[in-house]
Structures are given as C-alpha cells and as structure tokens.
Amino acid sequence: MTFDLGDGIRLRLVEPGDAAAYAAAYDANRAHLARWDPVRDESFYTVEWHNALVTQFLRDHSDGRAARFVLAHDDGRILGVANINNVVRGAFHSADLGYWIDASLAGRGVMSRAVAIVIDYARAELELHRLQAGTLLDNAASQRVLLRNGFEQFGMAPKYLRIAGEWQDHLLFQRILSDS
C-alpha cells in the first residue's frame, strides 16, 4: 500500500528494513524537532534503537493497536512520519494521530496530503469512528494541517505532555470519521 505525494515522495506503511533510514531522519531533524518532541537520549538516534522501534511498530500494526506510515523518498530517505497510535476499540473506536515532516518540506502542503490519506486509512481500513490529535499552543503549522483536514478544536489540555523537557499545554483536535 503506497500513495504518491509528488516530488518522489511516497506515503507507505513502515517496513522491516526502515530502521537505518528512521535513525538518519531523526538525526537530520534534531534541531527542527527539538521544540516539538520529548528530550531524546543519544541512544535514540542509533540504528539499534530504531531496529527495536520498527519491530514494535510492526507488532503494534499486526495486533491492530497502531498504523505507522513513513514519507519515503525514492532515494530511500525517510522525510517524515504519520502515525495512528493508541487504537482503542469497544465503545470508543478511536485513536490518536501524530506526525512530523522533514524541515526541508515544511510549509509545502506535503503533510496535509499525507494526513488526508491516513484519515482515509483510519476510516476504511481500521474502521475507526474518531481521530484525535494534540498540538502545542503555538504550533500553528500543525494546527493548519489538522484544520485543512476537517479536524475541529475541542479543548485545551493543561500540562498534557512533557515536550522539550517541560510539561506543556496542548490544544486538542478531533475528526469524526463515521456518522453512525
């Protein structure tokens, strides 16, 4: 399952051989992501760490708990991710959406296109009722991606996640995927 995003970039599910490209992508984007991510231990940027992470991603997908996508360039680089995390069934039938994009592609609409595809996957393949996403209060770029894709802001969570070493407030967004 691969989707063309243009400029040699494809959105696809994570594959077993992605660890080295994952590690390189995070390493190349350390400064770009530092403001939006948890503080990372140096071991996070190693292929070994990402080997274990990719293995966990594949297990989570197989078990129906998540769907992890990469924005893969034709040359093998990973230029971003879009993830459906924390799938909960039962009465909730919902999940969290997370994503980031390489600094070189920010502001070009690539992530908006990728998120649209991930939403369709969540609806059609995972049969979810709802997706939720959170952004830091000042992350206007991420908020634009969500709003362009039909998400609505529904609240603010104080000290929601530990980002850049501090407990930070987040705006919460949701998109209802089914009418029934």
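Two strands count as paired if DSSP finds at least two bridges between them. In this predicted model, three bridges join β5 to strand β6 (residues 130-136). Those two strands run parallel.

**Sheet**
- Eight strands make up an open sheet with mixed pairing. Their order is β1-β2-β3-β4-β5-β6-β8-β7.
- β1 (2-6) and β7 (152-163) are the edge strands, each pairing on one side only.
- On average, neighbouring strands of this sheet are turned by 25° against each other, direction ignored.

**Helices**
- Helix α4 (residues 110-124) lies across β1, β2 (9-13), β3, β4, β5, β6 and β8 (166-176). It runs at about 160° to β5.
- Helix α1 (residues 19-28) has buried residues Ala 19, Ala 21, Tyr 22, Ala 23, Ala 25 and Tyr 26.
- The cover over these buried α1 residues includes α2 (30-34), α3, β3 (67-73), β4 (78-88) and β5 (94-101).

**His 50**
- His 50 sits in helix α3 (residues 47-62).
- His 50 counts as buried because its relative accessible area is 0%, and the cut-off is under 20%.
- Beyond its neighbours within four places in sequence, His 50 contacts Ala 19, Tyr 22, Ala 23, Tyr 26, Phe 44 and Tyr 45.
- Among these contacts, Ala 19, Tyr 22, Ala 23 and Tyr 26 are buried residues of α1.

**Largest pocket**
- The largest pocket holds about 1400 Å³ of space.
- Its lining comprises 49 residues. Trp 36, Asp 37, Gly 98, Tyr 99 and Trp 100 lie nearest the centre.
- By class, the lining has 27 nonpolar, 14 polar and eight charged residues.

Note on methods:
Residues are numbered from 1 along each chain as its sequence is written. This is a predicted model: local features need pLDDT of at least 70, side-chain atom pairs count only at pLDDT 80 or more; totals for chains, interfaces and linings use all residues. Side-chain values use heavy atoms; hydrogens and water are left out. Helices (H or I, at least four residues) and strands (E, at least two) are DSSP runs, numbered from the N terminus. Buried means under 20% relative accessible area, exposed over 50%, partly exposed in between (1.4 Å probe, protein chains only). Contact means heavy atoms within 4.5 Å. On a 1 Å grid over the protein atoms alone, a cavity is a set of points where a 1.4 Å probe fits but cannot get out, and a pocket is an open set with protein on both sides within 12 Å along at least five of seven lines; lining residues have an atom within 4 Å of a point. Grid points are joined across faces, edges and corners, and a volume is the space filled by probe spheres set on the points. Ala, Val, Leu, Ile, Met, Phe, Trp, Tyr, Cys and Pro count as nonpolar, Asp, Glu, Lys and Arg as charged, and the others, Gly among them, as polar. Axes are lines fitted to C-alpha atoms, for helices over the stretch in contact, and angles run from 0 to 180 degrees between N-to-C directions.
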